[in-house]
Amino acid sequence: MMNRTTAFAILLGAASFLPVEAVSQNVFQKAANTISSWFSPGDKKSYTAAHIDISRLTLDENISIPELDKEARKVRSAQMREMRRLQKARLTDLELVRNYEVIKATIAASNLFLPNDTVLSEKADIFLRPFLQDLRIPDYYHVMLVMHSDDTGSESYCIDLTRARARAVRDWFSRNGGNTDYVVVYEAGAFAPVASNRTMEGRAKNRRLEIYLIPGEKMIDMARRGQLDKR
């Protein structure tokens, strides 16, 4: 019988040959389901305990997993409660995405960094501190930190800038007691503008940090056990 480690290695190897643009098809989940079918019922439980390395996935792949089944209603309720808690801080733009299962928060880069700087400003603490609670329990959330810039400067400059800034935010969470084992940073450069870069106002909107709070394995397990309402 194939052991869990061997099967998981095959999963990652097989997934690497699949096109990353097939995000909507959740290619990693499909590969996992295929390999899972090779096991006897007693072995499936041990396989599903293996955690896919989320740092190897694209942003869209991470947003699309884990898939929810019976736990979806409880997770959505928990996300609504967390959304209301974050709204009380009145510091960020918030929305629910992926069928109300994922929280997306947007913070203007000017609230975190001085122009062209990669060191967090003094006021950054005010904007980041409300999210520390979301990093207390390991794997309760998969947290994506996506840093964007305007198109001022070369492509390599924008990529390097957003990479350094995203890492600075992750390091701040780590220094202040947050568990960052399930935090992934993405440097988006100027590739995903939300406004025109031809105006100062548009460039300011494009310089932003997006934080995605995606249900982790711990949250799903708590939902399964009926523990989310007690949190």
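Over which residues does pLDDT stay under 50? In this predicted model, that stretch is residues 1–49, for which there are 51 contacts beyond four places in sequence. Where pLDDT is low, the predicted coordinates should not be read in detail. Across the protein the pLDDT averages 83, and 77% of the residues score at least 70.

**The sheet and the helix on it**

- Five strands form an open sheet with mixed pairing, and their order is β1-β2-β5-β3-β4.
- At the edges stand β1 (93–97) and β4 (183–189), each of which pairs on one side only, and from one strand to the next the twist averages 20 degrees.
- Helix α7, made of residues 155–175, packs on this sheet and touches β3 (141–148), β4 and β5 (208–215), while its direction makes about 155 degrees with that of β4.
- Strands of a sheet pair through backbone hydrogen bonds, either parallel or antiparallel.
- The pairing of β1 with β2 (residues 102–108) is antiparallel and runs over five bridges, with Asp93 standing opposite Thr106 in β2.

**Backbone geometry in the loops**

- Most residues other than glycine have a negative phi, and most peptide bonds are trans.
- In the loop between β1 and β2 lies Arg98, which is not a glycine and yet has a positive phi of about 50 degrees.
- Tyr100 is also placed in the loop between β1 and β2, and its phi, near 70 degrees, is again a positive value in a residue other than glycine.
- The peptide bond from Ile65 to Pro66 is cis, with omega near -5 degrees, and Pro66 belongs to the loop between α4 (59–64) and α5 (72–87).

**Cavity and pocket**

- Rolling a probe the size of a water molecule over the atoms shows where empty space is left.
- The structure holds one cavity of 30 Å³ or more, and the volume of the largest cavity is about 40 Å³.
- The lining of the largest cavity is formed by Asp134, Leu135, Ile137, Pro138, Asp139, Tyr140, Tyr141, Asn179 and Tyr182, and these residues divide into six nonpolar, one polar and two charged.
- The second largest pocket has a volume of about 200 Å³ and is lined by 14 residues, among which Pro115, Asn116, Asp150, Arg165 and Arg207 lie nearest its centre.
- By class, the lining of the second largest pocket consists of seven nonpolar, four polar and three charged residues.

Terms used
Residues numbered from 1 in each chain as written. Predicted model: local features only at pLDDT ≥ 70, side-chain atom pairs only at ≥ 80, totals over all residues. Heavy atoms only, no water. Pairing = 2+ DSSP bridges. Helix = DSSP H or I, 4+ residues; strand = E, 2+ residues; numbered from the N terminus. Axes fitted to C-alpha atoms, helices over the stretch in contact; angles between N-to-C directions. Contact = heavy atoms within 4.5 Å. 1 Å grid on protein atoms, 1.4 Å probe; cavity = no way out; pocket = protein on both sides within 12 Å on 5 of 7 lines; lining within 4 Å. Points joined across faces, edges and corners; volume = space filled by probe spheres on them. Nonpolar A, V, L, I, M, F, W, Y, C, P; charged D, E, K, R; others polar. pLDDT = per-residue confidence, 0-100.
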